[in-house]
Amino acid sequence: MAALNIWARFLYEPLVEDRPRRIQETNDTQYGREVAERTHAALKATGGVRPPREFVLMDRSALGWAGCSCVLAPS
């Protein structure tokens, strides 16, 4: 779970925080890559994971909500 939470925090934090956000909050162009590498290393160390079947629904729901929130965001 800890390994997956690294990646989930990176992906879903913008959906959880109720505040205006910039597309990229830091000037670090390697931030996403570093998060992916940390996640990969953590998963490799634990022998990987088998996500539950519900993960697909959760992932699609989160991405769908992100699409809606972009359309509904005040300008």
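These entries record what I looked up in the structure above.

**Ground rules.** I am working from a predicted model, in which local features need pLDDT of at least 70 and side-chain atom pairs count only at pLDDT 80 or more, while totals for chains, interfaces and linings use all residues. Residues are numbered from 1 along each chain as its sequence is written, and side-chain values use heavy atoms, with hydrogens and water left out.

**Overall fold.** I began with secondary structure, taken as DSSP runs numbered from the N terminus (helices are H or I with at least four residues, strands are E with at least two). The chain has three helices and zero strands, and from the N terminus on I read the order as α-α-α.

**Surface.** For accessible areas I used the Shrake-Rupley method with a 1.4 Å probe, where for residues only the protein chains shown count as cover. The accessible surface of the chain comes to about 6,600 Å², and carbon and sulfur atoms account for 60% of it. Of the 75 residues in the chain, 8% are buried (buried means under 20% relative accessible area, exposed over 50%, and partly exposed in between, with a 1.4 Å probe and protein chains only).

**Aromatic rings.** I looked next for pairs among the rings of Phe, Tyr and Trp (its six-membered ring), which pair if their centres lie within 6.5 Å; planes under 30 degrees apart count as stacked, over 60 as edge-to-face and the rest as tilted. The count by this rule is two aromatic pairs. One of them joins Trp7 and Phe10, a tilted pair with 5.2 Å centre to centre and 35° between the planes. Both residues lie in helix α1 (residues 2–16), three residues apart, which is about one turn of the helix. Trp7 is partly exposed because its relative accessibility is 32%, and Phe10, at 28%, is likewise partly exposed. I also noted that Trp7, Phe10 and Tyr31 form one aromatic cluster.

**Thr39.** I then turned to helix α2 (residues 31–46), where Thr39 lies. Is Thr39 buried or exposed? Thr39 has a relative accessible area of 7%, so I count it as buried. Leaving aside neighbours within four places in sequence, Thr39 is in contact (heavy atoms within 4.5 Å) with Ala3, Ile6 and Trp7.

**Nonpolar patch.** Lastly I checked the surface for patches, made of residues with over 30% relative accessible area and no salt bridge, in which like charges are joined within 9 Å and nonpolar side chains (Val, Leu, Ile, Met, Phe, Trp, Tyr) within 5 Å; a salt bridge is a side-chain nitrogen of Lys or Arg within 4 Å of a carboxyl oxygen of Asp or Glu. Met1, Leu4 and Val49 form a nonpolar patch with about 290 Å² of accessible area together. Leu4 sits in helix α1 and is partly exposed, at 32% relative accessible area.
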